[in-house]
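Let's take a friendly walk through this model, one region at a time. Please have the structure open as you read.

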Amino acid sequence: MKLIFSFIFVLCSLVFKAQGLYSRAYGNPKNIPVIFIHGGPSGNATLFEGTTAQKLADKGFYVIVYDRRGEGRSKDENATMTFKESFEDLKGIYTTYHIKKANILAHSFGGIIGTLFTSQFPEKVNSLTLVGALFTQQETYDHILKQAKEHFKTDPAQLKEISEIENLDKNSAAYRKRCYEMAGKLNFFDMPNPTPESEMLRNEYKAGEFYKNNIRNSDSPLKFYKNEPLNNLDNTPVLKDIRKKGIPIFAVYGKNDGIFSEKQLNDLKNIVGKKNFKLIDNCSHYLFVDQQDDFLQFIKLTLK
């Protein structure tokens, strides 16, 4: 039986790779299926795959990772970077791995895709877990710039840059890019106090094959904002509608993830329910590396 499963997995992987997508599964196909959706646009699943996918599979899950079309290892010059394209490719993942329903694990910008996919195809989703995921984009950008103004209040050059950002088209790739660059200057994506465990994970990742394949397509955001009319979204009503459909939503965030305001996180907790929401201490945006044990424990408790 194991040989049959192995043959099916290899065959399906080859077929789907021919369609232009990188994907890989970890664990026993008989276990609870989990599909990880990475961030971006211009992202990939290498960090999650290289540090966490197998460990989550060891908890009794069938973990599937993939890079979206035109991003990371799924090179495709003809990719449109639209939500419709993302949904069709994600449905293809279900077909490839013979899955009828799965648990969606969505990180960062992947949270937007995972939320919209769950809303449009509820029959395919057992649960949606938001992992440091975007849900009210403009609130995030406003929060970043507000914090930047306070931090750089005595720095005329930085204040001028913030003003320039605020005057950009808020539905543009340039606005999003520069907001996140400002967040980077504020160290919003960094773990406050790295632990020996988190440092080991990052060092092992950087020394391995996954880091060598940490491919990022700088044209992805430009294509997305050019071709996708839906951007800068507030998915609050969408999440509420998903709950009304009876699909559980879980949310796990780093307490020190600077791109989210306290108000945003409280609003999200009220939507998903207190029992389904967790903040992890000494943890930022990449919580499956910052505090991997706490992250895995949350996923195991909620999805089982």
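## Before we start

Helices here are DSSP runs of type H or I with at least four residues, numbered from the N terminus. Keep in mind that this is a predicted model.

Threonine 195 sits in the loop that links helix 8 (173-185) and helix 9. Is threonine 195 buried or exposed? Buried means under 20% relative accessible area, so threonine 195, at 17% relative accessibility, counts as buried. Setting aside neighbours within four places in sequence, threonine 195 contacts Asn282, Asp290 and Gln291.

Helix 9 covers residues 196-207, 12 residues in total. From first C-alpha to last, helix 9 reaches 16 Å, close to the 16 Å expected at 1.5 Å a residue. Its buried residues are Ser198, Leu201 and Tyr205. These lie on the same side of helix 9, because they cover an arc of only 60 degrees around the axis. As a general rule, an α-helix has 3.6 residues a turn, so residues three or four places apart point the same way.

What do the buried residues of helix 9 pack against? Their partners are helix 2 (46-51), helix 3 (53-57), helix 10 (209-212), helix 14 (287-290) and helix 15 (292-303). On the face turned away from the buried side, you will find the exposed residues Pro196, Asn203, Lys206 and Ala207.

## Helices 12 and 13

Helix 12 (residues 236-244) packs with helix 13 (residues 262-272) at an angle of about 20 degrees, and their axes are 9 Å apart. That angle makes helix 12 roughly parallel to helix 13. The crossing of the two is right-handed. Where they meet, helix 12 brings Thr236, Leu239, Lys240 and Arg243, while helix 13 brings Leu268, Ile271 and Val272.

Key. Residues are numbered from 1 along each chain as its sequence is written. This is a predicted model: local features need pLDDT of at least 70, side-chain atom pairs count only at pLDDT 80 or more; totals for chains, interfaces and linings use all residues. Side-chain values use heavy atoms; hydrogens and water are left out. The expected span of a helix is 1.5 Å times one less than its number of residues. Buried means under 20% relative accessible area, exposed over 50%, partly exposed in between (1.4 Å probe, protein chains only). The arc is that of the directions from the helix axis to the C-beta atoms. Contact means heavy atoms within 4.5 Å. Axes are lines fitted to C-alpha atoms, for helices over the stretch in contact, and angles run from 0 to 180 degrees between N-to-C directions. Angles under 35 degrees count as roughly parallel, over 145 as roughly antiparallel, 65 to 115 as roughly perpendicular and the rest as oblique. A crossing is left-handed if the near helix is turned anticlockwise from the far one by less than a right angle, and right-handed if clockwise.
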